[in-house]
Amino acid sequence: MNSAADIWNRVLAIMEQQLTNTTISTWFNDAEPIALEENRFVIYIPTDFKKDIVASRYLPDMKKALYDLFSADLDVVILGPEEREKYGKKETVSRFLPGTEEYTFERFVVGNSNKFAHAAAVAVAEHPAENYNPLFIYGESGLGKTHLLYAIAHTIHQNHPDYRIVYIRGDSFTNELIRAIREGKNQEFRDKYRSADVFLMDDVQFIAGRDSTQEEMFHTFNSLYEEKKQIVFTSDRPPKEMLRLEDRLKTRFEWGLLADIQPPDYETRMAIIKNKAIRMGVELPEEVLIYVAENITSNVRQIEGTVKKILAFRDLLGSNVDANSVTRAVRDMFKDTADILPTAEVIIEEVCKFYNIEDAALRGQGRTKETAQARQIAMYLIRNMTKLSLKEIGKEFENRDHTTVLHSIDRIEKLSKSNPEIAEVVKDIRSNVNDRYG
């Protein structure tokens with residue numbers, strides 16, 4: 001299923017189970033499917049009389065059929081002769097948050113595990129700064145937090161095109177602040193974020209433990225909140241579990257509404273797989289849906305990767321999509337996370353990114369307290385996340401001897417047990433490394 005025509009044929013097949021053959025042939029025989037757009041299905045009916053009848057009598061049947069296909073609500077747009085001509089000549093509108101167009105509420109599959117967070121996000125999107133401010137959505141990686149954040153942005157942009165919407169990741173906020181301080185552009189930085197009508201921050205946990213960033217966030221939050229601007233955060237944990245986050249920020253993050261997202265249950269996973277498969281142009285047999293749903297139990301993001309690989313396997317090898325071919329196509333994607341070993345290079349990259357230090361300084365002789373600690377954490381994580389020996393780890397850091405590596409590992413191991421903040425840093429970096437492979 002890879003075109004509007006394919007989708008329309010499936011819609012008709014579903015409607016034939018509810019409507020008579022005479023009804024189908026009378027009112028839909030000359031309907032022309034035009035497009036499946038971001039959150040709507042567009043068809044053309046060549047006479048205004050038929051168009052009006054279909055719109056008044058059979059719109060619910062078409063919407064229900066589309067819901068059965070996609071497990072999500074889609075609008076149906078029926079074009080008459082005049083609308084069809086205008087549709088073909090419509091101008092391309094400027095893109096908002098390019099690359100995120102598919103992340104809408106219509107494409108978010110709701111289940112028991114996420115319906116509270118979804119409902120809160122919809123309420124915020126429809127009535128910014130009136131219902132829950134701030135909204136704080138938290139949950140493990142890959143469960144749909146960023147999808148909801150983008151959906152809020154797109155809905156508000158659609159309803160209030162004049163609103164200034166700012167989206168930023170926590171680590172990017174820190175990096176921008178560092179650059180602004182270095183270049184003497186502090187005021188430009190503040191103006192950028194404090195003039196927003198809607199402020200959306202993804203992965204806010206990454207500002208914890210960074211004094212200058214937290215200071216800036218404190219004043220940015222106060223400014224936006226006092227001006228009654230909508231604020232939304234996402235994180236992998238609730239504020240109270242951010243041990244390195246200042247208490248004054250924890251308090252403010254909890255002023256509004258906290259909404260968690262849990263891993264999807266079996267039924268929700270089935271709906272998500274079905275939805276993503278059809279949107280990517282493949283209709284999966286029931287046995288394949290069951291196989292994927294039983295093997296992916298926690299990460300929604302991995303579902304999309306799995307469906308893409310199934311589709312590529314089919315297109316490149318011409319294989320039928322059945323349980324056997326799917327097993328061969330995605331066997332490696334169902335390995336336990338513990339079986340997927342990152343490289344030392346990736347771990348070092350993530351440590352450098354977290355501490356905002358250069359690769360050469362981390363690997364070399366940089367002796368500042370922060371650089372030394374970052375180097376020790378890198379050695380500790382490489383030892384625990386790879387199969388490299390002490391000698392091999394030492395080679396990654398300008399051939400340091402194995403006793404130096406062992407000392408670093410022992411030190412971080414002890415600090416992780418005695419210092420919750422160090423344990424949280426190690427956890428954050430480990431999570432970032434794992435995300436590179438998830």
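Two strands count as paired when DSSP finds at least two bridges between them. With that in hand, let's look around this predicted model.

**A pair of strands**

Strand E4 (residues 135-138) and strand E8 run parallel and are joined by four bridges, so they meet the mark of at least two bridges for a pair. Within this pairing, Ile 137 sits opposite Ala 259 of E8. In a regular strand, side chains alternate between the two faces of the sheet. Strand E8 (residues 257-260) has two such faces, listed here:

| Face of E8 | Residues |
|---|---|
| Covered | Leu 257 and Ala 259 |
| Uncovered | Leu 258 and Asp 260 |

**Helix H21 and its neighbour**

Helix H18 (residues 369-385) packs against H21 at an angle of about 55°, and their axes are 11 Å apart. The two helices are therefore oblique to each other, and their crossing is right-handed. On the H18 side, the residues making the contact include Ile 377, Tyr 380 and Leu 381; on the H21 side, they include Val 425, Val 426 and Ile 429.

**A buried glutamate**

A polar atom of the Glu 424 side chain lies 3.0 Å from the backbone nitrogen of Arg 244. Beyond its neighbours within four places in sequence, Glu 424 is also in contact with residues including Arg 237, Glu 241, Met 242 and Leu 243.

Methods. Residues are numbered from 1 along each chain as its sequence is written. This is a predicted model: local features need pLDDT of at least 70, side-chain atom pairs count only at pLDDT 80 or more; totals for chains, interfaces and linings use all residues. Side-chain values use heavy atoms; hydrogens and water are left out. A polar contact is a pair of N or O atoms within 3.5 Å; within protein, one must be able to donate a hydrogen and the other to accept it, and residues adjacent in sequence count only if both atoms are side-chain atoms. Contact means heavy atoms within 4.5 Å. Buried means under 20% relative accessible area, exposed over 50%, partly exposed in between (1.4 Å probe, protein chains only). Axes are lines fitted to C-alpha atoms, for helices over the stretch in contact, and angles run from 0 to 180 degrees between N-to-C directions. Angles under 35 degrees count as roughly parallel, over 145 as roughly antiparallel, 65 to 115 as roughly perpendicular and the rest as oblique. A crossing is left-handed if the near helix is turned anticlockwise from the far one by less than a right angle, and right-handed if clockwise.
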